[in-house]
Amino acid sequence: MAGAGGNFAVDASALVMLNHLIERLDAIERQHAGASPTAAGTGDGLALRPLKSGDLDLPPGKPTAIVLDTLSLIFESIFASPDLPDAIKTMLSRLQIPLLKKAILDPDFFSDVKHPARQLINRLARAAVGLPPDTPRDHPLCRSLAELTETARSALESRDGDLAPVLAGLDALIARRDEATREAAQACAGQVRDYERNETALAAAQNWLQKALARTREPAVVHFLSVHWVRVMQDACLAGGVGGEA
């Protein structure tokens, strides 16, 4: 057995330490779960502090400490992001310890850019893009994301948990939001085009006016061209362009 698995005593010791670490994480998670609703409700930030190796008294530089601190940097960036509402940050914080346990037990977590757990964080954040900073937890999108987050937590806590259904649900949610955004943009697209056409025609009319004023100094003519005829020239440009008949 030692030949197959290396030094048995060392392997056994590492396993004991790993189990002890998982137990401590479980205890922190239970405490975190009890505190999260209060933190989310009062905004005191208790739920938005990334867990670091020092919190577990892990020796710096050891593989487990590196894993923990690497994931801590990811959550630190999430919690500091001005593009995510606090309701979403608090929601994502509930995945911190399940993801940490997955990262400790799965050597492919950081090396595989397509790892389902990493895609989970990316898509949760992507789904929340565009929400106002003060979006409340009872917002329809937040409720949908909260349900998917809880399903993801259960999958992450299970040894054979499958995140594929959660990722599919997030993809569908993102697709619906993108389509709604496109539809909303279409309603404004015509107004934007009209505004740009008017600005272009006005610029062309002003250019004509400057050339016309260079040929006369008669105050009455200058006033007429500047106040009245420049508008006629703008409408003419809108009707057929600078080289149009009008």
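Leaving aside its neighbours within four places in sequence, with which residues is Leu213 in contact?

## Leu213 and its contacts

In this predicted model, Leu213 is in contact with Val222, Leu225 and Ser226, once its neighbours within four places in sequence are set aside. Leu213 itself belongs to helix α8, which covers residues 164-213.

## Overall architecture

The protein chain contains nine helices and zero strands, so that, read from the N terminus on, its elements run α-α-α-α-α-α-α-α-α. Of its 246 residues, 31% count as buried. Among contacts in the protein chain with a separation of 6 or more, 65% are accounted for by residues 24 or more positions apart.

Helix α3 spans residues 63-80, and its 18 residues reach 26 Å from the first C-alpha to the last, which is close to the 26 Å expected at 1.5 Å a residue. The buried residues in α3 are Ala65, Val67, Leu68, Leu71, Ser72, Phe75, Ile78 and Phe79. Seen down the axis of α3, these buried residues fall within an arc of 155°, and they therefore line one face of the helix.

## Packing of α4 with α7

Two packed helices are described by the angle between their axes together with the distance between those axes. For helix α4 (residues 86-93) and helix α7 (residues 140-157), the angle is about 5° and the axes are 10 Å apart. Because angles under 35 degrees count as roughly parallel, α4 and α7 are roughly parallel to each other.

Which residues of α4 meet which residues of α7? From α4, Ala87, Ile88 and Met91 meet Cys142, Leu145, Ala146 and Thr149 in α7. Sorted by class, the contact of α4 with α7 comprises six nonpolar residues, one polar residue and no charged residues.

Terms used:
Residues numbered from 1 in each chain as written. Predicted model: local features only at pLDDT ≥ 70, side-chain atom pairs only at ≥ 80, totals over all residues. Heavy atoms only, no water. Axes fitted to C-alpha atoms, helices over the stretch in contact; angles between N-to-C directions. Helix = DSSP H or I, 4+ residues; strand = E, 2+ residues; numbered from the N terminus. Parallel < 35°, antiparallel > 145°, perpendicular 65-115°, else oblique. Contact = heavy atoms within 4.5 Å. Nonpolar A, V, L, I, M, F, W, Y, C, P; charged D, E, K, R; others polar. Expected span 1.5 Å × (residues − 1). Buried < 20%, exposed > 50% of the residue type's maximum accessible area, 1.4 Å probe, protein only. Arc of directions from axis to C-beta.
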